[in-house]
Amino acid sequence: MTLRRALLTGTIISATALAGVAAAQTQPEPQPAQDETATVSDIVVTGSRIRLQDYTQSNPVQSVTSEQIAYSGITNLTDFISDFPALVGSFDSQDSANTSGSASAGLNLADLRNLGTNRTLVLVNGRRHVAGSPGSAAVDINTIPTALVDRVEVLTGGASAQYGADGVSGVVNFILKTDFEGVDLRAQSGWTEDGGGQKTYFGGLIGHNFLDGRLNATLGYEYDDSRAINASDRRYTQSGRRAVLANNPADPRTFGGPSANDPNIVDQIPTTNIRYIDTARGGAVFTNFATATSTGGVSFNGDGTPWNDGIFIGGFSMIGGDGTLTDDFVDQLLPGLRRNAVNTTLNFEVSPALNFFFEGKFVNTKTQFQAQPTFDYGILIPIDNAFMPASIRADAQTPGGFGDFVLMGRDNFDLGFTGTRINRDTYRAATGINGDFGSVFNYELSYVYGRTENDTTYYNNRLNDRWFAAIDAVDEGLFRTGVANGNIVCRTNLDPSADLLYDAFTGGNSPSRAFTFTPGANSGCVAANVFGDGNISQDAINWINQDTQRRAIIEQEVVSGFVAGDSSPWFSLPAGPIGFAIGAEYRQERSRSYTSDIEALAAAEGEPISWAGEGVDVIGAFHVKEAFAEVNVPLLRDLPFAHNLTLDGAYRISDYSTSGQTEAWKAGLRWNPIQDLLFRGTVARAVRAPNISELFLPTAETFALLADPCDRARIQSGNEFRLANCQAALTAAGITTPAGEWTTSLSSSVRGEISGNPDLNPETADTFTYGVVYSPSWLPGFNVSLDYYDIDLADAINAPSAQFIVDQCYDQPQPNQFCDLITRNSVAGSPTQGSLNSFRQTILNVSNYQTRGYDFTMRYLLDPANFGYQDDIGRLQLSLAATKLDRLTFIDDPESPNERSGYPEAPEWVAAFNATWMIKDFAFNYRYVYQDETYRVAPETVAVRPDIVTPNFYEYSALTRHDIQARWNVSDQVTVYGGINNLLGQEPDLGSESLPIGAEGRYFYVGATMRLGALSSLNPFGR
């Protein structure tokens, strides 16, 4: 699926801070802060532990308030923060809706600068949060309480020096409301125009001050229910109606190889009714390659009728015919997600020097995701199968036939759709003390414990040993006496020593023997009829399919402390005292993924027992000891052309139990030649240590659908080495067809291996940012900023994809390391001779990532009172945020001359405009989000094949989303509101479910809030 959305970068302005503070009060919505232009002092911000004034930082801190979240009508925080330009790549619910990532269904993960969720550090009140994804540091944003959020701050650029590993691309800090007093309730209901995706939300927050305000207790609860969107809910993904770009049957390239390409005929055109050439719901049966007339070598449907071919369009596809519609394998577009969250905070100020704090939470999320049914490419079925139609058996026994067996490609819709149900429980407690010593020094000592428990149920999970036993069905009488009696049973019931059947083409789903049952008369095996769609009995389905479980437990413990202040008790520079912070931290991370008993047995024996293929334990832990320091040095102040010149820096040294010692640092400069103008810049070295999965993942089975680079349809898509390398590989496999004309005959899911690497080194990133901020005193409420960023990530930890490994084998000079990781089938006469049949992946420090671009923000609060105009015409708040991506490249192997661009996921331009008009008891908000066109076809491909598609399909359309909301303060306590997101109903482009926009479509919602004052004024006990 595609990573998406972007908007709302902020600037360092006091208006943003004040809006967040105002939103935490008990004022009725949508009243803004009383003074948007006031100065905010002594606020600890994301970018530093040193107390600085007015969010003045050398690197940008982008901020958004709870008020802005409310105006969006969004109840899922990830959907909101991914409108930040820097967070355009965040992993949301739609990204998790795909078969290969079904265990991740429902996860919402922040991704800064498209450098990966593992490189984005998520904090709550400046402290770490337990991960939501096993083996990683990625925090599930679903566990952050929307109702309790005061503001969200995003520090872009390397933040490892301030906050430690995982902050290579930056930090997202969720700051919760403190000292809340009163009752705050919100209820909202929403629905999509096209059906599915209904949402129900309720949030409540209650708080009270005791002991003259020195003790505050707050309790919050949230319920959020987002219903699934199925492929059938959208016309563009309904079976038989889904249009995609597919090979043009009128183009000779489809049939005659690349040399026959006609540049005047478009290679790919919009097409519907695309089907597989070699699989079908009721079975596609191979009996005799000598007499088969179909393109894929199929002779019969499973029910014994002759196979009808469609129009072959290359690869494994045809238009029409008897094969399964490819549309039917579209996953659920959005999984269902239900969330219950309880959060509490406690602050007790014993004295200004001693304050106790506590934050506690419990969050339960439940996700259900429906995926594809199971499928097989080439089941070997003996000729004595009792369900086999006579026409199939007879043809297999004619000259040239297979004789003792037939092969079947089958899409098992009659076994039911597979899927996952995931229950995630998150517990977190953060407690400690902090305070001020006089007016100069402050400190904090904290302990954080977090635990995430993930319980995943794979439903309709096919147990492969049972499947292959059940489909090996024989007539009991014929088997025992040679006289049929019509009692059809599993062969293993009669002959416990019989070998199980297998998939001749892949082997990937084929166990060598029974593990989940004991062959024999009491095995429970029920014969399954795979000849025809829907012929498998429910009893057989119940025996074959089992719900299997997987459990993961993630734990985190962090002890951290720091002291901050300035040098004023001892000395001051002419421009002021030196600010500093010093501290230390100890952190321990543990993660373990458990399998069910059945899967554990399979893993122990190294056999592919279940279809889900999740039978591997991942167990690991590490600890890290760290020391850090920050400094803020004022160099010049109140001089001509030097209203302020300040140098700041940070340094962190870390010692990991797994990967040794690392160092991170940052140096920044802030210069105000005049009060209204700020120039800023930073240079930083950031680090990320490998996570538990990267280090400790044991060798596990995996599968990949590989596009063979030596197939005639793809041989010219590589570089100058591919043709010769493929010719050598095919010759070695015994293929006499010349490279450039050879094609793989059958579709295949290739079985492979993947493993972690305990010898990984930390990755490093060099980050540069510089920019300018203008806040003119002559125009109150106006701020504008422009910043440039450049991130160069070296020795990046990456598991090269199976497709990348295969492509690099043939696109690099021989010999090379990638060809050692793949094999081809060289068995003469085999239907898969020459085809790829294995690969091996491991995690390495092999990649380099580079990204750079510009962030622009503008904000203006137009208040007529600032111009002496007293008539009440309301106030208008405007903001514009934009990012221009100048470069985003992934170099998977420094030895390779090939770069991959970050498109199509990362658009070049992202912008958002917000306008809010507040007048008396009403507020109206308009939001516009823009992301420009992204590449559907890589530019380098268009350069050599301009006729691959018509020019209008070179790119995906731009995203242009319009959102509106209106609010009415019915009273001082009650506000009602309603809105429409995606007002103009933009839809995904042809062939996509997520680009340029997701599947939700036009979305309507209504809601209400109730805000009441202090509990004492409510007199809750009637006295």
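Thr120 stands opposite Gly170 in β5. This pair comes from a predicted model. Strand β2 (residues 120-124) runs parallel to strand β5 (residues 170-176), and five bridges link the two. In general, the strands of a sheet pair through backbone hydrogen bonds, either parallel or antiparallel.

β2 and β5 belong to an open sheet of five strands with mixed pairing, in the order β1-β4-β5-β2-β3. The edges are taken by β1 (61-65) and β3 (127-128); each has a single partner strand, so one side of each has no neighbour in the sheet.

## Strand β6 and its partners

Strand β6 (residues 182-192) pairs with strand β7 (residues 199-210) in the antiparallel sense, over nine bridges.

## A three-stranded sheet

Another open sheet has three strands in the order β11-β15-β14, paired antiparallel. Its edge strands are β11 (274-276) and β14 (311-312), each of which pairs on one side only.

Two bridges join β14 to strand β15 (residues 317-319) in the antiparallel sense. Across this pairing, Phe312 faces Met318 in β15.

## Nonpolar cores

In soluble globular proteins, nonpolar side chains tend to be buried together. The largest nonpolar core in this model has 31 residues. Ile381, Val406, Trp467, Ile471, Val530, Phe531 and Ile536 have the most contacts inside it. Helices and strands both contribute: β18 (375-382), α6 (390-396), β19 (405-411), α7 (464-470) and α10 (538-544) each supply at least two residues of this core. Apart from it lies another core, of 25 residues, which includes Val64, Ile69, Val149 and Val172.

What is Phe531 in contact with, leaving aside its neighbours within four places in sequence? The list is Gly282, Val285, Gly302, Asp303, Ile381, Asn385, Phe387, Met388, Pro389, Ile392 and Met408.

## A buried tyrosine

Tyr458 lies in strand β21 (residues 441-462). Is Tyr458 buried or exposed? Its relative accessible area is 4%, and the cut-off for buried is under 20%, so Tyr458 counts as buried. The C-alpha atoms of Tyr458 and Asp547 are 5.5 Å apart, although 89 residues separate the two along the chain.

## Two crossing helices

Two packed helices are described by the angle between their axes and the distance between the axes. For helix α13 (residues 722-732) and helix α14 (residues 802-811), the axes come within 7 Å and cross at roughly 100°. Angles from 65 to 115 degrees count as roughly perpendicular, and α13 and α14 are therefore roughly perpendicular to each other. On the α13 side, the contact is made by Arg722, Asn725, Cys726 and Ala729; on the α14 side, by Asp807, Cys809, Tyr810 and Asp811. Sorted by class, these are four nonpolar, one polar and three charged residues.

How many of the ten residues of α14 are buried? Nine are, and the helix is mostly covered. The buried residues are Ala802, Phe804, Ile805, Val806, Asp807, Gln808, Cys809, Tyr810 and Asp811.

Notes
Residues are numbered from 1 along each chain as its sequence is written. This is a predicted model: local features need pLDDT of at least 70, side-chain atom pairs count only at pLDDT 80 or more; totals for chains, interfaces and linings use all residues. Side-chain values use heavy atoms; hydrogens and water are left out. Axes are lines fitted to C-alpha atoms, for helices over the stretch in contact, and angles run from 0 to 180 degrees between N-to-C directions. Helices (H or I, at least four residues) and strands (E, at least two) are DSSP runs, numbered from the N terminus. Angles under 35 degrees count as roughly parallel, over 145 as roughly antiparallel, 65 to 115 as roughly perpendicular and the rest as oblique. Contact means heavy atoms within 4.5 Å. Ala, Val, Leu, Ile, Met, Phe, Trp, Tyr, Cys and Pro count as nonpolar, Asp, Glu, Lys and Arg as charged, and the others, Gly among them, as polar. Two strands pair if DSSP finds at least two bridges between them. A nonpolar core is a set of buried Ala, Val, Leu, Ile, Met, Phe, Trp, Tyr and Cys residues joined through side-chain atoms within 4.5 Å. Buried means under 20% relative accessible area, exposed over 50%, partly exposed in between (1.4 Å probe, protein chains only).
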